[in-house]
Amino acid sequence: MKFQNRDLILIAGPCSAESYEQVWQTAEGLVKHIKPDIFRAGVWKARTRTNFFEGAGIPALTWLSEIQKHFQIPVATEVHDDKHVELCLKHQITVMWIGARTAVNSYTTQRIANALKNTDTTIMIKNPIAPDVDLWKSSIERFLNVDVKKIYAVHRGFFTLRHRLYRNEPIWGIPLELKRSYQNIPLICDPSHICGRSSCLLPIIQNALDLEYDGLMIETHYKPEIALSDNMQQITPEQLASMITQLSFRNNNTTENAMLEQLRKEIDFIDYQLIQLLAHRFEIVQNIGRLKKNLNLTILQNERFRHIFADRIKIGLEHGLQKIFLKQIIKAIHNEAIRLQMQIYLDENIDNNSDTLSRQAN
Ligand code: PEP
Ligand code: MN
């Protein structure tokens, strides 16, 4: 779908499929106000508490396939195991998603991936609940490995104890790292599960657009106040349409701006200098390593590291840099220095050892 000349994949629909009337009315409202590319509804819901509504189950698959046919809109639901995949395919539902609770489980994810092999399915993989980019990447790889062609990554935020502002903290660095690794996998933002309440959706959606996300998954219900799950975060189709009109779709073609170009050249130059300086620093580190070896000193000199750490942080803070960033960068440089010096000690140990071995052989 195009908004102000920008392509955006819009996925909308209720959190859960509750009743025939509810999914139908919601789909009808969406088609009237803003027809999404995909209509979503959870037929099976993984819930935190045992007495919570768990979706209408198998009968809802028939409702969804009716909607698909009638409104000419692909429908999607969440699958929790390979049996669900089979049932969806039986009902001509070929867009599915893996929830945040499933994405943490490599065994279940693999079973779902195997069930999708050789099918023409679109799979949307939500980020796992835990803020671990490798876990998310591995879930995606399981589908790539069985040659599933249409894969979307859905960013729905992470469970942390830090941020009470969000239901799930966005931690934007993680989806951006994923985007760098998988440039051809569309990245979708699910602001509903990030926010947990409808009042904070707009700024999160705007952030996602500003970071060049490829699409949005937004929970929409014809009557959010009576929704049987996630009622605080759902909005009506009409509210969704109005929200989209309030967004700024910024231009991502910036090459024509001379000022920006000039500043980018300066940044490039500084990066090259940083790299040269680092390379020079590591040459000296290696010389120190050889010297330490000759002087029979340990590689790690804790006193010296503590001094470097405190001193560089102090100077960095004076320059207005953030403490957490300074800590990360100093530790990364120090770890690399230790690795290089260990290599020097190790090479020499191996040399001595092979000398001894060749003497013994002679
Ligand atoms: C959902 O999309 O309704 C859902 C349960 O999502 P998540 O797995 O992200 O919590
Ligand atoms: Mn939900």
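## Close-up views of salt bridges and a manganese site

Glu318 is exposed, with a relative accessible area of 57%, where exposed means over 50%, buried under 20% and partly exposed in between (1.4 Å probe, protein chains only). The model is predicted: local features need pLDDT of at least 70, side-chain atom pairs count only at pLDDT 80 or more, and totals for chains, interfaces and linings use all residues. Residues are numbered from 1 along each chain as written, chains are lettered from A and ligands numbered from 1 in written order, and side-chain values use heavy atoms, without hydrogens and water. The side chain of Glu318 meets that of Lys314 in a salt bridge (3.5 Å, N to O), a term that requires a side-chain nitrogen of Lys or Arg within 4 Å of a carboxyl oxygen of Asp or Glu. Because Glu318 and Lys314 are four residues apart in helix α11 (residues 302–318), about one helical turn separates them; helices (H or I, at least four residues) and strands (E, at least two) are DSSP runs numbered from the N terminus. Lys314 also counts as exposed, at 52% relative accessibility. Elsewhere, Lys137, Glu177 and Arg180 are joined into one network by salt bridges that share partners.

**Arg111 and Asp82 link two helices.** A salt bridge connects Arg111 with Asp82, their closest N and O atoms being 3.1 Å apart. This pair links distant parts of the chain, since Arg111 belongs to helix α4 (residues 106–116) and Asp82 to helix α3 (residues 82–90), 29 residues apart. Arg111 is partly exposed, with a relative accessible area of 37%.

**Arg40 and Glu219 join two strands.** Across the whole structure, a search finds 14 salt bridges, and one of them pairs Arg40 with Glu219, with 3.3 Å between the closest N and O atoms. Arg40 lies in strand β4 (residues 38–40) and Glu219 in strand β10, so the pair ties together parts that are 179 residues apart in sequence. Arg40 counts as buried at 1% relative accessibility, and Glu219 also counts as buried, at 1%.

**The manganese ion (ligand 2) and its protein donors.** Cys15 (SG), His193 (NE2), Glu219 (OE) and Asp230 (OD) are the protein donors, lying 2.1 to 2.4 Å from the manganese ion; donors are N, O and S atoms within 2.8 Å of the metal (3.2 Å for Na, K and Ca), and the site may look incomplete because water is not among the atoms. In sequence, the donor residues are spaced C-x177-H-x25-E-x10-D. Cys15 lies in the loop between β3 (9–13) and α1 (20–33), and Asp230 in the loop between β10 (215–219) and α9 (237–245), so the pair ties together parts that are 215 residues apart in sequence. Both Cys15 and Asp230 are buried.
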